[in-house]
Amino acid sequence: MGITDDFVGRLVVTELVTNVHKHVGIGFVVVRIVLDEPEQPVRLEVWDEGDALPVVRPENHDAAGGRGLPLIIELVRAWGVRPLYETGKIVWCAL
């Protein structure tokens, strides 16, 4: 079974990398696409050097931002954050 449409993956990566740029600002960003087993969801991982964890804010129609994570949550099967021992974190999504 192959990936027939990569739109969601590109959207998720774009949103997560934009969040790193906006909230961390400096340092390395590593994007990984993990294909562990056939017939299993593709996992996207975005690693950054920031220690602050993502926050899903309540919906606010007047806000200029804050819609990215709720959008991602609606599009992916699962998501989470894994803090790293050295520094930083990995935000992952299963597509």
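A residue counts as buried when its relative accessible area is under 20%. Keep that cut-off at hand for these exercises, and remember that the model is predicted.

**Exercise 1. Find which residues of α2 are buried, and work out why they lie on the same side of the helix.**

Step 1. Start with the cut-off: buried means under 20% relative accessible area. In α2, the residues Gly-68, Leu-69 and Ile-72 are buried.

Step 2. Now look along the helix axis. These residues cover an arc of only 90 degrees around it, so they sit on the same side of α2.

Step 3. Next, see what they face. The buried residues of α2 pack against α1, β3 (78-83) and β4.

**Exercise 2. Decide whether Val-20 is buried or exposed, then list its contacts.**

Step 1. Locate the residue: Val-20 is part of helix α1.

Step 2. Compare its area with the cut-off. Val-20 has a relative accessible area of 8%, and buried means under 20%, so Val-20 is buried.

Step 3. Set aside the neighbours within four places in sequence. Val-20 is then in contact with Gly-25, Val-29, Val-46 and Asp-48.

Step 4. Pro-83 is 63 residues from Val-20 in sequence, and their C-alpha atoms are 14 Å apart in space.

**Exercise 3. Name the residues of the largest nonpolar core and say which element gives the most to it.**

Step 1. Collect the members. The largest nonpolar core has 10 residues: Val-12, Leu-16, Val-20, Leu-44, Val-46, Leu-69, Ile-72, Val-76, Val-91 and Cys-93.

Step 2. Sort them by element. At least two residues of this core come from each of α1 (7-23), β2 (43-48), α2 (68-75) and β4 (89-94).

Step 3. Pick the top contributor: α1 gives the most, with 3 residues.

Step 4. Zoom in on one member. Not counting residues up to four places away in sequence, Val-91 touches Leu-16, Leu-44, Glu-45, Val-46, Pro-54, Trp-79, Gly-80 and Val-81.

**Exercise 4. Describe the second largest pocket: its space, its lining and the classes of its residues.**

Step 1. Give the volume: the second largest pocket holds about 460 Å³ of space.

Step 2. Turn to the lining. It has 24 residues, and those closest to the pocket's centre are Asn-19, His-23, Pro-54, Val-55 and Leu-69.

Step 3. Assign the lining to elements. Two or more residues come from each of α1, β2, α2 and β4, and α1 gives the most, with 7 residues.

Step 4. Finish with the classes: the lining has 12 nonpolar, 6 polar and 6 charged residues.

Technical notes:
Residues are numbered from 1 along each chain as its sequence is written. This is a predicted model: local features need pLDDT of at least 70, side-chain atom pairs count only at pLDDT 80 or more; totals for chains, interfaces and linings use all residues. Side-chain values use heavy atoms; hydrogens and water are left out. A nonpolar core is a set of buried Ala, Val, Leu, Ile, Met, Phe, Trp, Tyr and Cys residues joined through side-chain atoms within 4.5 Å. Buried means under 20% relative accessible area, exposed over 50%, partly exposed in between (1.4 Å probe, protein chains only). Helices (H or I, at least four residues) and strands (E, at least two) are DSSP runs, numbered from the N terminus. Contact means heavy atoms within 4.5 Å. The arc is that of the directions from the helix axis to the C-beta atoms. On a 1 Å grid over the protein atoms alone, a cavity is a set of points where a 1.4 Å probe fits but cannot get out, and a pocket is an open set with protein on both sides within 12 Å along at least five of seven lines; lining residues have an atom within 4 Å of a point. Grid points are joined across faces, edges and corners, and a volume is the space filled by probe spheres set on the points. Ala, Val, Leu, Ile, Met, Phe, Trp, Tyr, Cys and Pro count as nonpolar, Asp, Glu, Lys and Arg as charged, and the others, Gly among them, as polar.
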